[in-house]
Amino acid sequence: MQKPSVLCWSVILVLWANSCLAGGKLEGPIRIKSAVLGYTLQYWVYVPENAVKPLPELYITDGQGYLGSGNMVEVLDREIEQGNIVPVAAIFIDSRNPDNPEETRRNQEFMCNARYAKFFVGELMPKVSSGWTGADSSTWRGLMGVSFGGINAACFGIMMPDVFQVLILHSPAGPEHLKVVNSLYLEKPMHSSVFFVSHGGVADNGPAVGEFVQTLEEKGYAVRHISNDGGHDWDNWGPLIDDSLRAFAGTREEDEIQ
């Protein structure tokens, strides 16, 4: 499965130029009872105005954070309207118990959890594809996560190779989890995904993330690596969302991760 060429994206944008300048629609929260996990989850789906199916799909763990602190709907609207990215669907998965938002499930879901992976491919993704995006096996897909969600993205790359063409890791944490995924990537065969990895300084697991990036590059993966002096917070991650979206679905040749 290959990413559509920049020329193809340009043609799509021309077709959309007069019809996709209004804000997209966010639906949700939508509940889904998972037979695999044994509990109910919730998610939101962002679809651009006048969307033409099939749409690329970007899945985002800790979706409530990206919607709130990350203001990601606003970023999506702007990036699409300005022609910086092609129209994409974004699926924001809540890591909290929908019946008790104070209860987080990320600790049990994100560390290479096989049942969580099965929930994605067997329950969530088919529902999204049939209900909103018209996606099929050839659809361009990405997975984005912050902190422990970044670890989840790395895990899914190993556990479900070639399902997500772009893996976006914002400040994957912590050092002990990075050590585990680093070992996995050293041991397992290379898959076809490309990576966008960002982190801040020492307080943001910078040295451990840098070691993981080095492993990826030595293994042969294409990686866009962004480091700064920021902390482990949305002041660091928020300004990188547009860069991440362009790495996933940018319209310029220089946006592609090679």
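Q: Is Asp-255 buried or exposed?
A: Burial is read from the relative accessible area: buried means under 20%, exposed means over 50%, and partly exposed lies in between (1.4 Å probe, protein chains only). Asp-255 has a relative accessible area of 4%, so Asp-255 is buried. This is a predicted model, in which local features need pLDDT of at least 70 and side-chain atom pairs count only at pLDDT 80 or more, while totals for chains, interfaces and linings use all residues. Residues are numbered from 1 along each chain as its sequence is written, and side-chain values use heavy atoms, with hydrogens and water left out.

Q: With which residue does Asp-255 form a salt bridge?
A: A salt bridge is a side-chain nitrogen of Lys or Arg within 4 Å of a carboxyl oxygen of Asp or Glu. The partner of Asp-255 is Arg-252, with the closest N and O atoms 2.8 Å apart. Arg-252 is partly exposed, at 38% relative accessibility.

Q: How many salt bridges does the structure hold?
A: The structure holds nine. One of them joins Arg-96 to Asp-94, the closest N and O atoms being 2.9 Å apart. Asp-94 is buried, at 1%, and Arg-96 is partly exposed, at 26%.

Q: Which residues are linked with Glu-79 in a network of salt bridges?
A: The network takes in Arg-78, Glu-79 and Arg-246. Between Glu-79 and Arg-78 the closest N and O atoms are 3.9 Å apart. Glu-79 counts as buried, with 1% relative accessibility, whereas Arg-78 is partly exposed at 30%.

Q: How many disulfides does a search of the whole structure find?
A: A disulfide is a covalent bond between the sulfur atoms of two cysteines. The test applied here is a pair of cysteine sulfur atoms within 2.5 Å. The search finds one disulfide. It is formed by Cys-112 and Cys-155, with sulfur atoms 2.0 Å apart. The pair links distant parts of the chain, 43 residues apart: Cys-112 is in the loop between helix 4 (106-109) and helix 5 (114-133), and Cys-155 is in helix 6 (residues 148-159). Helices (H or I, at least four residues) and strands (E, at least two) are DSSP runs, numbered from the N terminus.

Q: What else can be read from the link of Cys-112 and Cys-155?
A: The link is left-handed, with -75° about the S-S bond. Cys-112 is partly exposed, at 24% relative accessibility, and Cys-155 is buried, at 1%. Cys-112 also has a positive phi of about 55°, although Cys-112 is not a glycine.

Q: Which other residue than glycine has a positive phi, near 50°?
A: Asp-62 has this value. Asp-62 lies in the loop between strand 3 and helix 2 (63-68) and is buried, with a relative accessible area of 6%.

Q: Where is the cis peptide bond with omega near 5°?
A: That cis bond runs from Gly-28 to Pro-29, and Pro-29 is in strand 1 (residues 25-34). The bond from Lys-53 to Pro-54 is cis as well, with omega near 0°. Pro-54 is in the loop between strand 2 (39-47) and strand 3 (57-60).

Q: What span should helix 8 have at 1.5 Å a residue?
A: The expected span of a helix is 1.5 Å times one less than its number of residues. Helix 8 (residues 206-219) has 14 residues and should span 20 Å; its end C-alpha atoms are 20 Å apart, which agrees. Helix 8 is followed by Gly-220, with a positive phi near 115°.

Q: Which residues of helix 8 are buried?
A: An α-helix has 3.6 residues a turn, so residues three or four places apart point the same way. In helix 8 the buried residues are Gly-206, Val-209, Phe-212, Val-213, Thr-215 and Leu-216. They pack against helix 6, strand 8 (166-170), helix 7 (175-187), strand 9 (194-199) and strand 10 (223-227). Contact means heavy atoms within 4.5 Å. Leaving aside neighbours within four places in sequence, Thr-215 is in contact with Asn-182, Tyr-185 and Leu-186; Thr-215 has 8% relative accessibility.

Q: How many helices and strands does the chain have?
A: The chain has 10 helices and 10 strands. Of its 258 residues, 54% are buried.
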